[in-house]
Structure formats: C-alpha cells, structure tokens
Amino acid sequence: MRRTVPIIQRIDWLTVAMVIILMALGLFNVASATAGADSVDWFDWGSKQGKQFMWVALAILLGALVLIIEGEFFIRTAAIYYVLNLILLVAVLAVGRTIGGAKSWFNFGSIGIQPSEFAKTGTALMLAWLLSRSNERMSNRNNLIKAILIVAIPAGLILLQPDAGTVLVFGGMILVFYREGLSGNVLIAVFCALLITVATILTGASSFTYPFIGTSSAVGILWVILAILGTFIWAMTPQWVLPRKRKRVRRSVIFSFIAGLAMSAALHTGLEEVLKPHQKDRIHVLFGIDVGNPDADYNIRHARAAISSGAWTGKGYLQGPMTAYGFVPEQETDFIFCTIGEEWGFIGTVFTLLLFTCLLLRILHLAERQRSDFTRIFAYAAASVLFMHYLINIGMVLGLAPVIGIPLPFISAGGSSMLGFTLLIFILLRLDAERFTVLR
Amino acid sequence: MKLRERQLVIGGIFVLITFIFIGRLIQMQLFSSEWKEYAARLTEETERLEPARGLMLDRNGQILLNNMAGYDIWFTPRKCRTAGGLDTLAFAQILGITRPELEREFRRAEAYASYRPSIIYKQLPAEHFARIAGELYRFPGAEVRRRTIRTNPTGLASHLVGEYREVDQNDMATNPNYRLGDYKGKSGLELQWDQALQGKRGIRHHIVDIRNDYRAPAQEGLLDTLPTPGLDIQLTLDLDLQAYSENIMANKRGAIVAIEPSTGEVLAMVSAPSYATDLLTGRERGSNYDSLLNHPRKPLFNRTLRATYRPGSIFKMIQGLIALEKGVIRPSSRITCDRNIIGCHGSHTLDNLEEAIAHSCNPYFHEVMKRMIQDGSSGSVFSDAHKNLGAWSESIRAFGLGTNLGGHFTALRSGTVPDTTDYDRMYGRKRWAYSTIYSISIGEGELLTTPIHMANLAAVLANRGHYISPHVIQSVGGQGKPAEMEQRFDTQIDPIHFETVIGAMAKVVTSDDGTGRRAQVPGFEVCGKTGTVQNSTGNHSVFIAFAPKDNPQIALSVYVENAGAGGDWAAPIASLIIERYLSGVVEQHEKEARILQATYPFPESPL
C-alpha cells in the first residue's frame, strides 16, 4: 500500500484544467451575451454574468469539497442520493415553476434550481452501484431490467415536466450498457430506428396520390417498401444463412421489420396527432421542410447567421452585433455557442469542440484505467451524459438536430447544470484518485 | 470483441461527431456567404438622410415654393406584438381614421415585414401631430418620423411649378434608387428641375438591434455621407404680377403670358381656372385630384403651354412684315377690299398696310399672301404654291410660331404652321394651289398657336425683329442664369418694316375707331392687336400687346375663352396688367371692377 502519497497528487489535474478552461470560456461568453456592447461589470451580482461568476466560484468550491470526501462515501450513499433525486423530481412536478413550457424549477428568490440537472449524477451513481455488485452485469437479464429501470424512472419523471432534451440525455446511458456487455446489435438497432425516424418524417410531410385511395401522406410508400424489403429478405434468408441458424434468423428478420413498421406507424401518428403544431414545425424545419411560417425557424436562422458571420477569427470579444443586440434568443444559455461562433470565429468554435472531445476521451481513458467496476461504470455514465449534452446542444445550434433546449456543459449560464456537472466530474476525479489505494 | 475494446467504438463515436460538427462549421463559417449576408441584413441598416429640397423664389426673392414639416406615422408589427398589442380603436381615433382602415394598414405592414417599420399614416400635419404627440407612447410599435412637405403658401403658378409627390410603381421600376414612400417631381418645373432641386441624399450606416433600433455606427461611420441640400431656383416670375393676373382671371377661362421682351424672361403665366398647388400635395391628394380632373372647366389643363388656338387677325401683322421684307408691297401699297373672295368687316374700301392692320382687312392680306405664293413664276398655280409655300412657312416660324420656342418648356405644344409637305399629305402632291389654302392668309385654317407663342410674338414686335427664347429660370443655386436660356432668334426682317406695323398697333389702341381702345393705359403708350378666335361655343377674346412703345418693358398675350371680341375683354385685361407692371398700382378702378365682376360663362352680348 502506498498510503504515503497524498491524494492531491493522484488527482487528474489535466481534467481539472480542461473543466476550468471550459468554465472560463463560459463565463466570458455569458458576459458578452448578456452585457451587450458595453463594458462588463463582473461584480454586479444582479446581472447574469455576475450570477454566473458566483456559480463558477461555487462550483470550484463544491469541486474542492468533493475532492476531500472519501470516495467510499459516494458509493455508500449512492442509493440515498438517487432516491432523494427521485423525491425532488416528484416534488417539482407538484410545486415547481414552469419556465419555457416545462415544470422543472424550484424557485428560491432570484435563484432557480433544476433538480433534473442533479438527477443525472444520481442516476450515474445508482447505475454504477447496481452494475458493480454483480460480475454478470449486462449479460444477466435481471440486471439489464434493473439498470433500465434505474434510468427510466427519473427519465419518465422528467418526461412529465416535460423536458425532452434531458430525457434524451438519459437515453445516452445506452453507451454505458453497451460498454458493460449489452449486445452491439442494440446500437445498430438504435441507428436503424433513427434512419426509419428520418424517413418517416420526410415522407410523412409530403403527399402522394395513390391508386384507388386518393391523395394521402407519402409515408404509406415507405411502409410498402419496408414490407416488400422484409418479405424479400425473409424469403432469401435460406440462401444466405447456414441451415442451423435459419429459423432464428428468419424469426428475427420478421420481428425486426414488424418492429420497424410499428415504430414508423407510431411515430407518424405521434407526429400528426400528439405533437403540438409548433413542435411539429420545429422538427419539419430541421429537415428542410417548408412549414409556411417564417417565425418557425426564427431561432435557428438567427443562430446560423450569428455563427456564420464569425468567419475565421470572429468579430472580436464584445464586438458581435448579433450577440450584443439580442438577435439570438436564449443566447446566454442554450445558444451560447452562437456567441463563441460570432465573436471568436472558426478558431473559437473548433477550440471549444476539441476541448470537449479531449475531455470526453480523457474520461474514457480514466474509466479504462480503473480496477474498480464502480468507478469505470460511473465514468462511462459521466462521459455519456456529457456527450449527449454536447451532441444535442451543438447539433441544435448548427442546425443538425431539432431545437431542444439543453445546456452546453460548463459554458451555458445557469447554476444547476454548472453544479450538477461539477458534481459528476469531481466525484469521478476523487474516485479516480483513489484507484491505487482502494480495492473494490 | 472484448468489452474493453468497446471503448474504441464509443471513443470513435465521440470523434466522429466532432468531425461532423467541424465539417459543418467549415461550411458555415469559412465557405457559405449566404448566412453571412443574412447576418449583415439583420444587423445593418442604412438610414437615408433626406436633403432639404431646393426652394423656388420669384425674380424679387419672394418665396413661391417652400418646405414645411409633416409627420408620418410608422408601425412595426413585431414590436407591437412583443409589447402585448395595442388598442386599435383608441389609436384609430387619435389618428382620425376608422378602425377598419387602421386594421387594413396593420395588415399591409405585416405583409411587408413584421420586424421592419412601414408607414401607416402619411403626412400628419404639424398641428395635428402636436395634439396627439403625448398620446403616442400608449401604442407600442408606433413611431413618428418627420419629413418635409412641399408647400406653395401663395397658391400661385400651380400649373407652372407642377406636382411633387410620392413615386409610383413605374418610377421605382425605372430608377432603383426610389423606394416606396419617396417623393419626386412629377410635372412642371418640379419635374424639369428635379435633379437640381432634390439635392443629394446622405447615408448613415447603423448596426441595429433585434428591435431594429439604431445602436452603433457601422464600419466606424467611414462609409457615411452627409446630405447635400437641393439647389434653390429663382424664377423670372414676378409674384406680384402673377398674383394680380390670377386674380384678374378668377372665374374666367383663358390664359395670360407676360414676357420681358429684352430678355425673354416670363413675368407671369396664368392658366385659368387654376388651383392651389397644396391641394395636390397633402393627404387629400387623391380625392382632390379626382375632383380637379373631372371638373368641367378643366383646371388641371395648362392653357398657357398646351391650349392651341387659331391666331386669327393677329397673324395679319406677320403677313404684312414678311410681305414688306419680300418686297411684294410697300407700306403705302393700297389694295381694294374685294369682298367677293373673302368676307370683311367695317366700311373701308382701299386700305394701306397700316389701315389694313387696324381694320383687320381680310381681302388685303388674302392679296398680300397671293403675291407671295402665287407669283406666276412657274406657269401653274399648283407649281407656284408648291414652290413658294416652304419659304413662307420658314418666315412664319422665324417668329416662333410652330416651334418649341427654344425648348425651355417641356410641356409646350409647338402648334402648327403648315408647309408644303403638310398640304401634299392632305391633298396630294401638286393637287393644291393658293386658292385651296388661302384661309391661312388671315390666320385661320390649319394654323395653331398657344398663348405663349402669341406672347412671344408680341415680344418679337416689341424687339423689332428678334426674340430671346422665353424662359422662367432666373438663377439655379445662386449661380446665375444658365447660358442656354438666353438663346436669340432673329426674324431676318428689316427693323424698318416693324415701324409700320407698330404704328398700326399703336393706332389699334389709341385711335377712336381702334378695336383695342380698352387697352389704353394712362401715361403709357401701348401697342396692341385684337384677335377674335372663331369658336362654335362662343368666340375667344384675344389680345396681344407690348408697352411702352419705344422702350418696351412688357409684352403679353391675353386669352379669354368664349368671351367674344378681343377688344371687349382681353384688351382691358392687358391694360390692367400693363399698368400694374409698369406703375405698380392700378388706377383704372372702373375697368378693374368690370373685369373682376365678369364671370364665366360670359353674356352673349357683353356691351
């Protein structure tokens, strides 16, 4: 045992540095996005940049605090933390305040707390605790169901708020399952499901004149094609597959195509019947479908214009007119990347993206160097959460994903996400620092 | 695959997504210009700084056309919506329009652009604006922009100055610099001198915020320019004389043109009935224009330049002059008043030239022109006419008739002086002789002239043989008179011959049996000639004159439509105008009162 090495030397300072750079980046850009073209007053606590300054300070304090707590504490209290989160998620549905259409905030004076931002950490802890208890992990069906429940319960509560973006983030836990033994076919199935989704939306928005039936949505053609393709593959399977596997493969082919058809049908119905028109418009806008409403893609047009106008080196700090004069809605929170794009240009945006990628890859590296299953699983959960935020937020701002409100970790203004991500990363760093000293 | 190796798949997904994002950024930030232009369109706005339009002054510096403040109400739909809408009923009330009208304007604004302001109410007068200015804050999205409105405070010379009003689709199609809501000169001097009057627009580039409010100068203001005011234009008109003349012509139909013979400067130009210029510049332009257009006496018609009349007896003076110059008669030549060919009036039998002009003897000038056209030089009356008419027409045109008078009036009709080709076209080549066309010898037939041509003729007579092309521009932008204004035209007729004709003109006014006795002005020697233009709905009363005889200061023509003989109405009007101009006041009160009381239509027998 090398108890003599102080814990401080075991901390992965590279990760800490990347997080602090992201925080600083966020702080400067939030200031620019809220202060307009005037000079920035950092110590005006009433202003958004003043608050963000306070949140960054609090986050660093919280990080330091986490680093001096024994890792064992987090493992033992994982279930308590998780249940506490569930209680808060239920409570917020009862007494929360509605902001932007979602009932997801507790209000304390001028400060709002979003329990869903902390639930991610809680779920990651709980998932790590559950999966590290058994050596079978995902290959055990019981475990799989439990793991899915652990993710699905908070996700379901958040869906009731409703906050689709955060639910998607929970969906990212599939990467953890995959790492812990879930079949790769599931990832492929998810990919196929995405393809069918896109095809359903595109065909669903156009119309086609059918013989005998008349003009209706062109999604029918997609279904006919899927059915023919399924039948064809089913019929050809005996030619392609070894006899002993034939039965199983044919069964799964039938199952897959019926599932695909069912999903497409459900999606189409959901799009046409369940979604509100403006939500449907958002999805249509993303796919370049003309919704006949110039305001529908207003956010995304302005976001795109702001980023594009940055060109190579940007307009300069505090110099971006679209940032300074309020052209991009929610630019200090969900659309903060527009400010980076406009004021720092291609250099700034690529730097930010690379920094995120390095952070993600670094977490994977940390995960794989653990002897402790708990730490590894927790690290993967953390990476998945960060990655989903990165994917959805940047994808939305760049017009590659639908407009789904979700913050960019450490950069967007807001205390809950700042503290939530800090908790996530610094618990991981503490656990990582103990990797030689604690045997689990 | 070992589970541990799955980190490569997951890491690979991370890196792949980042590559996709970077690819997208390369496309957006480094290559696409479409979105950069869109950003510039959103954040940059050019403000146009309208220059003050040049004023118009009369020859003495009195203001004819001025600019005054007017207020347009603009409306930005998005601003209104974000502020929670407004009370349309109250808004319509303070503007003084109905609610449906206002809502129609709102829809128009919305259709144009919801985030940009559009005009919803034009040219709110200053006093109305002052009343409602304090209320406007209650209506989010509404703002006021000051603009200048053209105004003619005296209401004089409306036909001459013309219209200054909003551009139409056609203007915007031909000149891309015009935008909806811009103004330009559309007729008269406002159109002809639009370039000089309009000045040069300044441009200021702004960075705007999402509410389209100006926030900062764009490009550090390096591209900004200041407006250059339009040039003031001084006219040759004498506003006092113009006002007097318009007043004299009130309730009549006709025209007056007065020219300073030595310079060609137009002193007064009246087309009656007239209208106040401002009727066609304010908010009510549409309905005013319609009622003026449909008015039975055609007030919009500029008779001074566009009404064509046969010259009648007045033309005989020109005949006499060119006959003298060609030597077919001498001043003392007497010709029998042979009324078999052409009718006449009065009791004369054997007049010389001076008497023939004074008596307006038709057979005399029939014979005079016959000597010029049918001279027997080519063996046939047809060939004679065909050969000689051209030279005759040229001589007539030298007096300005049938020409554009130097081209300083774009609306001017040249009138008609027929020549060989005209008659060839009408009757066929050599199918006509003097006997076919003789009615032009006494100023009838195909001859047509406008009031300004006749005023110019008076100036030619006053100048004894030449004229300066008539014009109204005294000075542009304080730079003095443009050189092209002072074009001189010569009749090529010996001044000696003019003395005979001028003597006759003096007698028309002074002798006891002269037709123009009413043109006398106490203290001044007036030379004039009456004309009576045959017209089926009542003859037009015409008079041309200049005075004083030996040092002419003013030459003019007066037309009073359907008023009878030239001596009855046109001559006394000429007398009043000459007196007003030469002595500054009118002492002939009885004459003045008679004219002012006369209203159109004139009684059958005015005496």
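Leaving out neighbours within four sequence positions, B:Glu486 makes contact with B:Gly264, B:Ile468 and B:Lys481. The model is a predicted one.

**Surroundings of B:Glu486**

- B:Glu486 sits in the loop that runs between strand S16 (473–476) and strand S17 (488–490) of chain B.
- The residue is classed as partly exposed because it has 14 C-beta neighbours inside 10 Å, a count between the limits of 12 or fewer for exposed and 20 or more for buried.
- The C-alpha atoms of B:Glu486 and B:Gly406 lie 9.1 Å apart in space, while the two residues are 80 residues apart in sequence.

**Chain B as a whole**

- Chain B contains 23 helices and 20 strands.
- Buried residues account for 43% of the 607 residues of chain B.
- Of the contacts in chain B that link residues at least 6 apart in sequence, 68% are between residues at least 24 apart.

**Interface of chains A and B**

- The interface brings 35 residues of chain A into contact with 30 residues of chain B.
- On the side of chain A that touches chain B, at least two residues come from each of helix H8 (174–179), helix H13 (298–309), helix H14 (321–324), helix H15 (336–368) and helix H16 (373–397) of chain A.
- The most residues on this side of chain A, 11 residues, are given by H15(A).
- Sorted by class, the side of chain A that touches chain B comprises 23 nonpolar, 9 polar and 3 charged residues.

Note on methods:
Residues are numbered from 1 along each chain as its sequence is written. Chains are lettered from A and ligands numbered from 1 in the order in which they are written. This is a predicted model: local features need pLDDT of at least 70, side-chain atom pairs count only at pLDDT 80 or more; totals for chains, interfaces and linings use all residues. Two residues are in contact if their C-beta atoms, placed from the backbone, lie within 7 Å. Helices (H or I, at least four residues) and strands (E, at least two) are DSSP runs, numbered from the N terminus. Ala, Val, Leu, Ile, Met, Phe, Trp, Tyr, Cys and Pro count as nonpolar, Asp, Glu, Lys and Arg as charged, and the others, Gly among them, as polar. Lists of a residue's contacts leave out its neighbours within four places in sequence.
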